Amino acid sequence: MKKIKLIAVATLGLASISLLVACSSQKSSGAAKDKVTTVTVATSGDSNPYEYTTSNGKMTGFEYDILKQADKDLKDYQFKFKVYDDSAILAALDGGRAQIAANNFGKTKAREEKYLFSYPVRQGIDAIFSTSKENITKISQLAGKTTEIPTGTNYGDMFETWNKNHPDKKINVKYSQRPLTDRLSAISSGQIDFLFASKSAAENLVKEHAITGLVDTIPTDLDKQPEFKTYDYFVLDNSQTKLQKALNAELKKLYENGTLKKLSEKYFHDSHIPAADQFQ
């Protein structure tokens, strides 16, 4: 009888230990799950080829694919994408509704004072658009010419820097909120002399809207004028220093393993990714 009791007690003890281990395992699993932070990415649904929604409702694009790829290795974070109107994307950061903004963002002085930036994911391919009669091919030819840009863009900072550094070769800059299509038409009609704009985006609009009489070229003296080089970044809420560090580590990895190059070639048919020194 005593032997049977001992066996029963031992069996009960083992069951208790198993139960404790199971509970401990569940708590550990729950704790690990709790450590995963959901990050909301505010983005556009129609900024092709950066991030856009296909006809079947699926999100895709160059920057979207980069963030999805980075998210695979960021075990402490889970990215959730939310579509906003272009004008409301940065406002989502301001209001705490998102932690990352993705929409082909360039740096400006005002933005740098307010937000954090990732490493650049692509060097912009910009061209000078002018009439076939003018056919401007160099930045040095822009002195005295008139252009028009929206307020608050990195292009504004670019021209301000140029005019400050070249007071004898100033560019006349008009500010407006007219869409790019209208500004391209303004070159054709003689209202302005040129635009410095994304080559692929502007070329697509020229074709789509049958704007005549324009030519474009990547400035032949671009390497001599580094202030005219543009880059695309992800923008982060300024409290997200830990996330910025983690994201940058992933972007550097994607640069080194060739993923950034492959995605650039997929969406832009070129491999104009930033130089290695931009990932430091």
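The charged end of R122 sits over the ring of F268, 3.5 Å from its centre; the criterion is NZ of Lys or CZ of Arg within 6 Å of the ring centre and within 35 degrees of the ring normal. Please note that this is a predicted model, in which local features need pLDDT of at least 70, side-chain atom pairs count only at pLDDT 80 or more, and totals for chains, interfaces and linings use all residues. Residues are numbered from 1 along each chain as its sequence is written, and side-chain values use heavy atoms, with hydrogens and water left out.

I turn to the aromatic pairs. The structure holds 13 of them, a pair being rings of Phe, Tyr and Trp (its six-membered ring) with centres within 6.5 Å; planes under 30 degrees apart count as stacked, over 60 as edge-to-face and the rest as tilted. F268 forms one with F62: edge-to-face, at 5.2 Å centre to centre and 80 degrees between the planes. Because F62 belongs to helix α2 (residues 62-73) and F268 to helix α9 (residues 259-268), this pair ties together parts 206 residues apart in sequence. Helices here are DSSP runs (H or I, at least four residues), strands likewise (E, at least two), numbered from the N terminus. Both F62 and F268 are buried, that is, under 20% relative accessible area, with exposed over 50% and partly exposed in between (1.4 Å probe, protein chains only).

What of F159 and F228? Their ring centres are 5.8 Å apart and their planes at 75 degrees, so this pair is edge-to-face. F159 is in helix α5 and F228 in the loop between β13 (214-217) and β14 (231-236), 69 residues apart. Both F159 and F228 are buried. Finally, Y155, F159, W162, F194, F196 and F228 form one aromatic cluster.
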